[in-house]
2 protein chains.
Amino acid sequence: MKATLIYGERDIRFDVVPEPSLQAETDAIVRVAAACVCGSDLWPYRGIAPTAEPHRIGHEFVGIVEAVGSAVANVAMGDFVIAPFYFCDNTCINCRNGVSTSCLNGGWWGSDDRDGHFVDGAQGERVRVPLADGTLVATPEVPDAALIPHLLTLADVMGTGHHAAVSAGVAEGSTVAVVGDGAVGLCAVLAAHRLGASRIVAMSRHVARQTIAREFGATDIVEGRGDDGVAKVKELFDGIGADFALECVGTKESMDQAIRSVRPGGMVGYVGVPAGGPELPIRTLFNTNVGVRGGVAPVRGYVDELLPEVLTGAIRPGRVFDLELPLSDVAQAYAAMDERRATKVLLRP
Amino acid sequence: MKATLIYGERDIRFDVVPEPSLQAETDAIVRVAAACVCGSDLWPYRGIAPTAEPHRIGHEFVGIVEAVGSAVANVAMGDFVIAPFYFCDNTCINCRNGVSTSCLNGGWWGSDDRDGHFVDGAQGERVRVPLADGTLVATPEVPDAALIPHLLTLADVMGTGHHAAVSAGVAEGSTVAVVGDGAVGLCAVLAAHRLGASRIVAMSRHVARQTIAREFGATDIVEGRGDDGVAKVKELFDGIGADFALECVGTKESMDQAIRSVRPGGMVGYVGVPAGGPELPIRTLFNTNVGVRGGVAPVRGYVDELLPEVLTGAIRPGRVFDLELPLSDVAQAYAAMDERRATKVLLRP
């Protein structure tokens, strides 16, 4: 089969790789129906995270189960399934605590599982899925093609935006500032809206993204950044800032923006993968009682909550995809996101 | 009158200072019945926070109201009052949000108020209290001398320990590790116990403090520190750590201990005044979904909740005082705490 490898900075190739096969009785093989490129894939693409040697890449996919091991009970051949951006048993103590990204038996697409068997990356034609019962969620029926982008967001960006909002503690009547207008930031707007936030500020300078933010429930747009952005957000909320900020980028600047945009005693929910730092400014946090909570989002656990609303069309997070390409053109997908010509690119085999 | 000044490293003096007088109609003058030395007073005492020029010090006191301005309605002459370790109006938006330490009109003992009038430090014979209606809480009657130490803890350490527990989110059935066996750490044990924690680990190597920790509700004692301490705490909780850690010291080592002692998805509630750092390790927090929340404790708001239990004797946080000296011997009090001969020193004029 063919799958995506990263060779180094701005060097993405769609190469022939070994066909996956069942390695354990808890495995499944899934034929990818759709995959996509994540903002965090751009860190190695841009060379910010160096690539020591060529390796498989991609961690978001949905697809059709083609084979299952003898111990797999929750999904069957022919099922349409959503995979989170990691695999997990969904039964260990960390999974039970709602932190399946810290599963004691889990791992990451494109690297080895606990038994030392390689697990495919998601930007390929097929993927061997370890711990299939824990990892995969089957939809009640095989969905229409139009629904696939929305379902695919449950693999990462929608669940991740939701995690930012949940980690911060967004609830009915909350005021929220969202830092980052990428796919995750937009999904965080949608998540805050779902959770009942009364006012949601999207920080964005990009007209098309502002439009989606409004669709998703943003009540205000702030184009300013740095001191100016902070001042504008504070101005909207009695001069003190929003109850919560959702940090969806991962840079020093975005975290700083988030921390300074919340009121004393507020919370920052953060999900931006920290790009080589920064450390958090403890003295500022201490003086203002601003808390920080978040991290790599345990999206597997959120699928159960979000899937019904995707299936009914109550939420349409797939709106974040603004370019669709054949999987074989994956290199173009990276380039489009790198050059900010696309917010998020959907890939279909 | 006489009051305490710090002149520099290990140089504490009880000097003659100007008698305070009412400066605004919202002021009160309080005759100090008891004051004490805070662990954070040791930062300048030890020279870790340098003292540029001699200044008044001390921020914890209870006492008797001797005079009130014409606009003061909530306290009256002769009342016994508890003052938090700061002054606040208790009506501004930050106070209403429960963060009275960020009061828009508040400030700190031993420095100027918003009108530019000097506010006395607490380790003295009398204190001018700005915003008396917001700042002071009167007890129903003048308490017995035996109750005074317990009431005095509501000025800081008990409220601060409580803030660590509340910031972390300790609730019925929680598992908790408390880092720090000073007065605040011990109060954090008591606070976690009050909030229903099912298991509370006190990290302490000090037998007398371990005894108080047990009295306050600790179920386990861990003497180890660093990697060893972390391993021991993890061992107690399924190998993954406690739900919550309460950081009550303020050093890099104690924060590290706290962050590494909680399970994935857990929370660190912190109240240790950061001693010149450290910054928080964002990558570790991100990977484990450990959150951090806390800061300078808004104890004024906690008095209402905690005072009734102090008055009935249901909680006896004043047990943290293990030395009592005349106020005039304040320099000895600092030395005793610096040399760890005392956990916390009570001073009576």
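**Close-up views of a predicted two-chain model**

H6(B) and H7(B) are roughly parallel to each other, the term covering angles under 35 degrees. This is a predicted model, in which local features need pLDDT of at least 70, side-chain atom pairs count only at pLDDT 80 or more, and totals for chains, interfaces and linings use all residues. Residues are numbered from 1 along each chain as its sequence is written, while chains are lettered from A and ligands numbered from 1 in the order in which they are written.

**View 1. Helices H6 and H7 of chain B pack together.** Here H6 (residues 183–194) and H7 (residues 207–216) sit with axes 8 Å apart at an angle of about 15°; axes are lines fitted to C-alpha atoms over the stretch in contact, and angles run from 0 to 180 degrees between N-to-C directions. Helices are DSSP runs of H or I with at least four residues, strands are runs of E with at least two, and both are numbered from the N terminus. On the H6(B) side, look for Leu186(B), Val189(B), Leu190(B) and His193(B), which meet Arg209(B), Ile212(B), Ala213(B) and Phe216(B) of H7(B). Contact requires C-beta atoms, placed from the backbone, within 7 Å. Six of these contact residues are nonpolar, one is polar and one is charged; Ala, Val, Leu, Ile, Met, Phe, Trp, Tyr, Cys and Pro count as nonpolar, Asp, Glu, Lys and Arg as charged, and the others, Gly among them, as polar.

**View 2. Strand S14 of chain B is covered on both faces.** Gly291(B) and Arg293(B) on one side, and Val292(B) and Gly294(B) on the other, are all buried, that is, 20 or more other C-beta atoms lie within 10 Å of their own. S14(B) pairs in the parallel sense with S13(B) (residues 262–270) over four bridges; pairing takes at least two DSSP bridges. Arg293(B) is the bridge partner of Gly269(B).

**View 3. Three strands of chain B form an open antiparallel sheet.** The order is S2-S1-S4. S2 (11–16) and S4 (55–56) stand at the edges, each with a single partner strand, so one side of each lacks a neighbour in the sheet. S1(B) (residues 2–8) is joined to S2(B) by six bridges, with Lys2(B) opposite Val16(B). Helix H12(B) (residues 330–338) lies across S1 and S2, running at about 160° to S2(B).

**View 4. Chain A meets chain B.** The contact brings together 32 residues of chain A and 32 residues of chain B. H10(A) gives the largest share of chain A's side, six residues.

Conventions. A residue is buried if 20 or more other C-beta atoms lie within 10 Å of its own, exposed if 12 or fewer, and partly exposed in between; C-beta atoms are placed from the backbone. Angles under 35 degrees count as roughly parallel, over 145 as roughly antiparallel, 65 to 115 as roughly perpendicular and the rest as oblique. Two residues are in contact if their C-beta atoms, placed from the backbone, lie within 7 Å.
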